[in-house]
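Work through the following exercises with the coordinates at hand. Each task is followed by a stepwise solution.

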Amino acid sequence: MHDPDAYSTPPYGQPGPWAPAPPVQHPAAPAVAPDAGDSAVAAPGPALPAESPVVAGPASAAEPAVTPAAVSDPLAAPVSAAERLSTGASAAAPHAASGLASPSEPPVTPGPASASPPPPVPDPTSPADPPAPPADPWHRYDPWARAAAGPLQQAGAGVVGDVQRRRRVRRGLAGGALLLALVSGLAGGVVGAQLERNGGIGAVELPQPSAAPSGRAPDSVAGIAARALPSVVTLHVTGSEESGTGTGFVLDEQGHILTNNHVVQPAGGDGAITVVFNGGQTATAEVVGRDSGYDLAVVRVTGVKGLTPLPLGNSDDVQVGDPVVAIGAPFDLEGTVTSGIISAKERPITAGGDGADASDVSYVDALQTDAPINPGNSGGPLLDRRGRVIGINSAIRSAGAGTGADTGQAGSIGLGFAIPVNQGKRVAEELINTGRATHPVIGITLDMGWSGDGARVGTAADGDASPVTPGGPGARAGLRAGDVITEVDGQRVHSGEELIVRTRAHRPGDRLELTVERGGAERTLSLVLGSSK
């Protein structure tokens, strides 16, 4: 079968848009040998149409005679000139010998011989030259003729016209586009179903913002912590009966570290204190001085170089609502940073009092903060937005427990208290220089059992000793037994503890203005604080 013919060429007609096939090659004519009866007997082989003998006549030697069979049968198989000559020669010889013409052919009148000699008759036994192709192969082509014996020959591929080539290209492109659309649709459906069911093909990877700049603003929590952490240390204290963990910070390059008294108190006189720096280095420390009334202590490490002290601020300039950052080791988690604000100022608190004589009670006019402070934060710095120390974290109020030092395991509820740095600075300087701290005093004995409003001076009935120390600051100011002090420098005082806290917030030698009730009348007294050790 072949492709449809664009030119409507009938099969096997004149040449169409394809290249003509080569002519069919028929086998050579069988050799004929005469026998005794002067009759031609064909050798075994396929029969061929009989050819008339070639008789010399007036025809030109260049034009071979055409037999009637060849003229009447246009579909007869082509016979080469050599075959016609050989057949004519073999068939004419017996007739010439007997003088009889062939019954199937009319007699041919001999004519004058051509001037040119007749062509030589080839020897049938010798190999013949290849036949020359006919001038018109389609005229003598017989598709139903018996195939010649011999190998088949390939006719060659047909020539494709430009129109068919363009059509094939268009059909190929259209088919390719259709196949691509089908494959893309199937792939998209599979991927979409997978994403809808499982949320993805590979492992789940959560989105993450691009890397932030490495630098931080100096007044941000990160910026403050980056500058302060190298100067904050963790203290591990071990004593004969108990041990504990607290925090401290570097005061100077000589190795002095400020912390709370209740942090180093478990060491006693023969305990050990180990200081762990932010980089992991450790050093042994010894107590320089401590004071239970202020709940402050100074220890010192030796043989440590490259210490960076924390700058100290001014706690008097702090305002409620100022942002603060606390650094410490809550529950032994060293290097912990929390942040908050100043919730209140001059909050009178007492801490300690575990001793039988209550000599270890601390009276603090504290800064209150909501920055999370937990056990282990004691002694750590409370920093302002410029990274300066404005307080020393000391106590918390926790649920189910009263106000006190963080000796318990209760957590923060947002009520933390820090010793103002102005007070801590003075006490630290005294501890470093003298090993002891001085306390400002009024020179009176208070009635701690008084339930009324204000701080009441004791009476003579309370004991043999006078409640007002003779020659002391209170006596010089005019205070008497039974007086009720209601204000200090214009601030209301509600109890004896508050009066002590207000007094210790000052230095010895500071002048106070006291409002006193005596006999139902109020009066104002001026008092210069004394000093005690």
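A salt bridge is taken here as a side-chain nitrogen of Lys or Arg within 4 Å of a carboxyl oxygen of Asp or Glu. The model is predicted.

**Exercise 1.** Find how many salt bridges the whole structure holds, then examine the pair D453 and R492.

Solution.
1. A search of the whole structure returns nine salt bridges.
2. For D453 and R492, the closest N and O atoms are 2.8 Å apart, which is within the 4 Å cut-off.
3. D453 sits in the loop between strand 16 (439-441) and strand 17 (455-456), and R492 in strand 19 (residues 491-492), so the pair ties together parts 39 residues apart in sequence.
4. D453 is partly exposed, at 38% relative accessible area; R492 is also partly exposed, at 33%.

**Exercise 2.** Determine whether R518 and D483 are buried or exposed, and where they lie.

Solution.
1. The two side chains meet in a salt bridge with an N to O distance of 2.8 Å.
2. R518 belongs to strand 20 (residues 511-518), while D483 is in the loop between helix 7 (473-477) and strand 18 (484-488); the pair links distant parts of the chain, 35 residues apart.
3. Both R518 and D483 are buried.

**Exercise 3.** Classify the two partners of the salt bridge between D384 and R388 by accessible area.

Solution.
1. The closest N and O atoms of D384 and R388 are 3.1 Å apart.
2. D384 has a relative accessible area of 11%; buried means under 20%, so D384 is buried.
3. R388, at 27%, is partly exposed.

Methods: Residues numbered from 1 in each chain as written. Predicted model: local features only at pLDDT ≥ 70, side-chain atom pairs only at ≥ 80, totals over all residues. Heavy atoms only, no water. Buried < 20%, exposed > 50% of the residue type's maximum accessible area, 1.4 Å probe, protein only. Helix = DSSP H or I, 4+ residues; strand = E, 2+ residues; numbered from the N terminus.
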